[in-house]
Amino acid sequence: MDLKKDFLRKFIGGILLVSLIALGFAKPVHEYLSIPGDITLFEGQKLDFQTNAVQVSAPVKDSNIAVDQKGETLSLEAKRHGKDELVLELAGFPVKKVDVNVLKDFKVRPGGQSIGVKLNTVGVLVVGHHQVQADEGRVSPGEKAGIKKGDIITEINGQQIEKMADVGPFVKQAGEDGKPLNVVIKRENEKIKTQLQPEKDVNENTYKLGLYIRDSAAGIGTMTFYHPQSKKYGALGHVISDMDTKKPIVVGDGQIVRSTVTSIEKGGKGNPGEKLARFSSDREVIGNIRRNSPFGIFGELNKDISNGVFDKPLPIALSHQVKEGPAKILTVVNNDEVNLFDIEIVSTIPQKFPATKGMVIKVTDPELLEKTGGIVQGMSGSPIIQGDKLVGAVTHVFVNDPTSGYGVHIEWMLNEAGIDIYEKPREQAS
């Protein structure tokens, strides 16, 4: 009897397992599983799904969304700012709830302009050590004091250090008095105190620290977007690191100026190319730099700018709305003229949290390939346009394939700029 019960239990279990597997292959089940559990749209946007047996319960009369189901197509239109939910039904039974979040209509002006970047660090940056020829031999006082390459000197003898010129008088006085300097340095997230005794260089008859220091950095890049209402901008799409220490520069303040591309060093396999540019002759400051982050540089502009291609602001695409396929970038390859060039978005990751390298892109435009060989240094920050929406920015080139590289989603650059596109909407019952 027990053998019969065991056989019957296994037989029924087998039937249930086969039924569940068959259900998983059923077309209606695949249809409702393929529809995401939450959808975010901007006001006025539409979204289409292919469906057949799956039905959608009609939203309430005063809903923030409109649903139109014709044949095998389900169309969802975002009418106004707010939250709603849809219920998917299969054979009259509710099988899935979909949360719909409608964001306020949002537009920014795409960039593409070549910009000059001037960064001033917090304190002075230690970029290396050198040996001082003292009476007892060659020595580096800075190295002896435990100061490392990449450290930032923020205080000497209780006084704030902001630039290289602030350091000299302290060194001279300490050398003459024979007293060590009380130095505070910033290393990663640590605050470290040490004592540093300058040594007299017998060849030059001056006191030295045995350190190479720098208080500013300069370079070029590309403007990504400008938000006229807040005056905020984003550029570059990646962090600016010091060329010597390879560490991100901690920004005290900085400025951006217009720049002009003078020539292009064409890229090749294993040798990324570069835009050669100069700051505009008037060196007019067009904005400040408040933040240097993994997603680029950010601040405010002091005047309106235009790229001559898009005179009006464009809507944006969130990371999950970007599609693989053709797109364009805005960038400068000659003088200060911004042009559109064809690229392909090879892959894109629908990220739920801020992250870099959300896209892989490939340059397909014959003119740009002929001129630059693909993505070159100085092109970082070039806006990526897809379907008349700003979707991201160029960030890095693949060293072994300069035609290809990474892009960052515009959603995360806006977030870093302090622009809130996720204003809390009113709740709406469905």
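Val127 is buried, with a relative accessible area of 14%, where buried means under 20% relative accessible area, exposed means over 50%, and partly exposed is in between (1.4 Å probe, protein chains only). The model is predicted, so local features need pLDDT of at least 70, side-chain atom pairs count only at pLDDT 80 or more, and totals for chains, interfaces and linings use all residues. Residues are numbered from 1 along each chain as its sequence is written, and side-chain values use heavy atoms, with hydrogens and water left out.

**Nonpolar cores**

- A nonpolar core is a set of buried Ala, Val, Leu, Ile, Met, Phe, Trp, Tyr and Cys residues joined through side-chain atoms within 4.5 Å.
- The largest nonpolar core has 27 residues, and those with the most contacts inside it are Phe106, Phe225, Ile316, Leu414 and Ile421.
- Two or more residues of this core come from each of strand E20 (251–265), strand E26 (325–334), strand E30 (389–398) and helix H6 (410–416), and H6 gives the most, with four residues.
- These element names refer to DSSP runs numbered from the N terminus, with helices (H or I) of at least four residues and strands (E) of at least two.
- A second, separate core has 19 residues, among them Val322, Ile329, Val333 and Val363.

- A pocket is found on a 1 Å grid over the protein atoms alone, as an open set of points where a 1.4 Å probe fits, with protein on both sides within 12 Å along at least five of seven lines, and its lining residues have an atom within 4 Å of a point.
- Grid points are joined across faces, edges and corners, and a volume is the space filled by probe spheres set on the points.
- The largest pocket has a volume of about 910 Å³, and of the 36 residues that line it, Ile220, His238, Gln377, Gly378 and Ser380 lie nearest its centre.
- Strand E9 (114–129), strand E18 (211–227), strand E21 (274–279) and E30 are the elements that give two or more residues to the lining of the largest pocket.
- That lining has 20 nonpolar, ten polar and six charged residues, where Ala, Val, Leu, Ile, Met, Phe, Trp, Tyr, Cys and Pro count as nonpolar, Asp, Glu, Lys and Arg as charged, and the others, Gly among them, as polar.
- The second largest pocket holds about 750 Å³ of space, and its lining of 32 residues has Thr40, Leu318, Ser319, His320 and Gln321 nearest the centre.
- The lining of the second largest pocket divides into 15 nonpolar, ten polar and seven charged residues, and its largest share, four residues, comes from E1.
- Because domain 1 (26–103) and domain 2 (108–115 + 217–417) both give residues to its lining, the second largest pocket lies between them; the domain bounds come from an automatic or database domain assignment.

**An aromatic pair**

- Rings of Phe, Tyr and Trp (its six-membered ring) pair if their centres lie within 6.5 Å, and planes under 30 degrees apart count as stacked, over 60 as edge-to-face and the rest as tilted.
- A search of the whole structure finds one aromatic pair, in which the rings of Phe398 and Tyr406 have centres 4.9 Å apart and planes at 80°, so the pair is edge-to-face.
- Phe398 counts as partly exposed at 25% relative accessibility, and Tyr406 counts as partly exposed at 25%.

**Positive phi angles**

- Most residues other than glycine have a negative phi.
- Glu188, in the loop between strand E14 (181–187) and strand E15 (190–196), has a positive phi near 55° and is exposed, with a relative accessible area of 54%.
- Leu236, in the loop between strand E19 (232–235) and E20, has a positive phi of about 75° and is buried, with a relative accessible area of 5%.

**Residues apart in sequence**

- Gly296 lies in strand E24 (residues 296–300) and counts as buried at 0% relative accessibility, while its C-alpha is separated by 8.8 Å from that of Thr395, 99 residues apart along the chain.
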